[in-house]
Amino acid sequence: MGWSYLPHTPEDRAAMLAAIGARSAEELFADIPRELRFAGKLDLPEQLDEAALLSHMCRLAGENANFNEYACFLGAGAYDHYVPVVVDSVLSRSEFYTAYTQYQPEVSQGYLQALWEYQSMIASLTGMQVANASMYDGGTAMAEAAMMAASHTKKDTLVVAKTVHPHYRAILHTYARDLGLTVKEIDHNGGVTALPGALAENAAAVIIQTPNFFGCVEDIKALAETAHQAGALLIVVADPVALGLLAAPGDLGADIVVGEGQALGIPASFGGPGVGFFASTEKLMRKMPGRIVGQTTDSEGKRGFVLTLQAREQHIRREKANSNICSNQALCALAAAVYMSAVGKNGLGEVARLSLQKAHYAAEKLAGLPGCELVFKAPFFKEFVIKLPKNVSAVNESLLQDKIIGGLDLEKYYPELKNCMLLCVTEKRSRQEIDCLVDRLGAIL
């Protein structure tokens, strides 16, 4: 555990106040009416000395179920993949973690090159022609893709599969409501998307996820054909680790590929931050939200990098902007770039293969327990759904006693899947941990 040390003495604070012309910290709040300010003393414990404070914080931290002490089988959007040490080493360099938007390319070449490399690797991974320099997260990346599709096709209906992450669909509804767009949700059949034979003519895009929220692999090519026959775009929400093994969505007919890049070298960290990736065909490039880093040459013919496209409200009139999304997740995009560079193409493929093999081993073992069954028969990657004869929340509480973080209770999002648990197995899970899960679950059931 790392700790921060704040070295400012009373003299340092006085010097800083003097530099801005203030006599006290109280003056910094002068614009806030006095009747709105808190008066008196906060109801907090008395201050502790350094040793006592560190001990107190360690006790509080010890109450968390962390990935170092617990075997995690929970996924559903945030995953316990291994993060190479080199990722944090690079991110900890001050020229990276203190940087903001690279508006001045002459002093930001290192960061711009790193983001250009990130874009290049995302484009290659997804099979698309162009990628931007990252989004907030997977959910907003998907919603932005849907808005881009509506703008491009001039149509007002978005068709989204119910196998797409529930949180992502909630974000989509929020975006669409204020723009007067209609969201139509399509049910699943056996864990995979069941599109009708023909879509309505006003469909701007079909949105699918693969592997989807249940872990099942979708038939992108067939779904792309159905979407394109109706003049709609196909938006694919993809797991970047799975793309180390599965065919790239762009090669199967996808028009836009988005997703959450947290699995690429970013810790789960209680649910954030993540990093959204966004890639598309070249013909859609000028409608892409966020920013794109480009490669060029300077006046002396040397290679250089600049912010090429920034079709957002900070740079053009708000009503003309493709998107009003603002700052991106550059530091997290850098983490993803370092991760992909460190593991390489073969390494990412190995992470994907290990996750696949271990997930199938776990599924086979669990399906052999009395009263436990696999819910879907479709091919799956690293996540799968099992049905239990007991309440999932109660089972998870019992598993925690053995330092096992169980799967997601699906009933919260899909009432028809009562007593169903979504489990995830990554390359980090050992055979011993999987066998322990099977043994403990067997005992609980």
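The model is predicted: local features need pLDDT of at least 70, side-chain atom pairs count only at pLDDT 80 or more, and totals for chains, interfaces and linings use all residues. Residues are numbered from 1 along each chain as its sequence is written, and side-chain values use heavy atoms, with hydrogens and water left out. Helices (H or I, at least four residues) and strands (E, at least two) are DSSP runs, numbered from the N terminus.

**Four-stranded sheet**

- An open sheet has the strand order β13-β14-β17-β16 with antiparallel pairing, where two strands pair if DSSP finds at least two bridges between them.
- The edges are β13 (373-374) and β16 (408-409); each has a single partner strand, so one side of each lacks a neighbour in the sheet.
- Two bridges join β13 to β14 (residues 383-387) in the antiparallel sense, and Glu373 stands opposite Lys387 in β14.
- Helix α9 (residues 330-367) lies across β13, β14 and β17 (420-424), at about 5° to β14.
- Helix α10 (residues 392-400) lies across β16 and β17, at about 45° to β17.
- Axes are lines fitted to C-alpha atoms, for helices over the stretch in contact (heavy atoms within 4.5 Å); angles run from 0 to 180 degrees between N-to-C directions.

**Strand β9**

- β8 (residues 233-238) pairs with β9 in the parallel sense over three bridges, and β10 (residues 276-280) pairs with β9 in the antiparallel sense over five bridges.
- Ile256 stands opposite Ile235, and its bridge partner in β10 is Ser280.

- At 1.5 Å a residue, the 18 residues of α5 (residues 109-126) should span 26 Å, which agrees with end C-alpha atoms 26 Å apart; the expected span is 1.5 Å times one less than the number of residues.
- Buried residues of α5 include Leu112, Leu115, Trp116 and Ile122.
- Just after α5, Gly127 takes a positive phi of about 75°.
- The axes of α6 (residues 138-153) and α7 (residues 166-179) come within 8 Å and cross at roughly 40°.
- Among the residues making the contact are Met142 and Met147 of α6 and Tyr168 and Leu172 of α7.

Methods
Buried means under 20% relative accessible area, exposed over 50%, partly exposed in between (1.4 Å probe, protein chains only).
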